[in-house]
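Please look over this model before using it. My notes are below, point by point.

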Amino acid sequence: MIRLFESLPSAAAQRLPSLASGPGSQREGFEKPRVEPPWLSAVPSVDAAVSPELRLVSCPSAPPAQMESFRLLAHRMESLRRDQGANRLIVTSAVPGDGKTFVASNLAVTLARQAGAVLLVDGDVRGAHLEQALGVPRQSGLAEVLRGDITLSQALRKVSPHGVFLLGAGDMDPHTPDLLAGPRFVDFLRELKDVFRWIILDSPPLLPVVDALAMTKAADAALLIARRDHTPRSAIDGALRLLRSHPIAGVVLNDAEDRSASSYYAYRSYPNRPPHTATESEEK
Ligand SMILES: Nc1ncnc2c1ncn2[C@@H]1O[C@H](COP(=O)(O)OP(=O)(O)O)[C@@H](O)[C@H]1O
Ligand SMILES: [Mg+2]
């Protein structure tokens, strides 16, 4: 019995309406209740002195705790795929620097090692960092494909030794944000759904970028990243409120010093093991 994905979406669904700005609570002057986010897993801090491309789990010197955390996250995503047919995942967060690109690239590499064809798409056309994170040069990508300037096969690269197929952001023009937020991008990812086992979409931050939310409808589920000592709790609440009508796979606590994470005020109730999650052995 898979506890995680039976309980999590419904738990999230039950909780999110109480985050919505209901007219009653505002008028009566009650403070909106803070609801515990649907924590899914934690990803540890990696030595900040190493370059972005060496912060990948495929790097031989990657810390075992980092590899283990991404193996567990990949395992949970595979459960989501198996149980709900979800294989287009948008990695999103409230503000810049939360670790979307870090989590998207490491999750994609881990899934590619375990499960075959994985497409990693850089949907953050304004702040594209995926190519840097994977240590490959910038080239034409999503922006040009959506404009019809080049074909997908011209833009796609298989990145070794990581084994993922990469579609970089490319060079945006003034129309690119509208294309990403509109039906063309939805159709594009729909056509690719059966081509790849996984499509992992790196994305812009939800709160400052107006069109970031619209991109989520091209994905089956959203993985929300929150970073310890970086993401304000109010920003997590705001992001969850924005995502309330989208399926949420869960919230990943990034840069967690340890799995208890109990010292941080915003995550005071984050227990040794996140709620609604099962260990790998329980899930089997
Ligand atoms: N757990 C972590 N440990 C160490 N460095 C991290 C971690 N998560 C993110 N970083 C680093 O922090 C910076 C911002 O992360 P990034 O993934 O680019 O954020 P975002 O895509 O949300 O803007 C990058 O240099 C990234 O490598
Ligand atoms: Mg990024």
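1. Conventions. This is a predicted model, in which local features need pLDDT of at least 70, side-chain atom pairs count only at pLDDT 80 or more, and totals for chains, interfaces and linings use all residues. Residues are numbered from 1 along each chain as its sequence is written, while chains are lettered from A and ligands numbered from 1 in the order in which they are written.

2. Confidence. pLDDT is the predictor's confidence in each residue, from 0 to 100. The protein chain averages 82, and 79% of its residues score at least 70. Two stretches stay under 50: residues 1–31 and residues 259–284. The model still gives them contacts beyond four places in sequence: 41 for residues 1–31 and 40 for residues 259–284. A contact means two C-beta atoms, placed from the backbone, within 7 Å. Where pLDDT is low, predicted coordinates should not be read in detail.

3. Fold. The protein chain has 12 helices and 8 strands. These are DSSP runs, numbered from the N terminus: helices are H or I with at least four residues, strands E with at least two. Of contacts between residues at least 6 apart in sequence, 81% join residues at least 24 apart. Buried residues account for 44% of the 284. Buried means 20 or more other C-beta atoms within 10 Å of the residue's own, exposed 12 or fewer, partly exposed in between; C-beta atoms are placed from the backbone.

4. Core. The largest nonpolar core has 73 residues. Such a core is a set of buried Ala, Val, Leu, Ile, Met, Phe, Trp, Tyr and Cys residues joined through C-beta atoms within 7 Å. Helix H4 gives the most to this core, with 8 residues. Leu120 is among the residues with the most contacts inside the core. Beyond four places in sequence, its partners include Ala104, Ala108, Val164 and Ile200.

5. Ligand shell. Which residues come nearest to ligand 1? Of 17 around it, they are Val46, Gly99, Lys100, Thr101 and Phe102. H4 (100–115) and strand S8 (248–256) each supply at least two shell residues. H4 gives the most, with 3.

6. Loop residue. Ser140 sits in the loop between helix H5 (130–134) and helix H6 (142–147). Ser140 counts as partly exposed because it has 16 C-beta neighbours inside 10 Å. Leaving out residues up to four places away in sequence, Ser140 touches Ile150, Ala155 and Gly170.

Note on methods. Near = placed C-beta within 6 Å.
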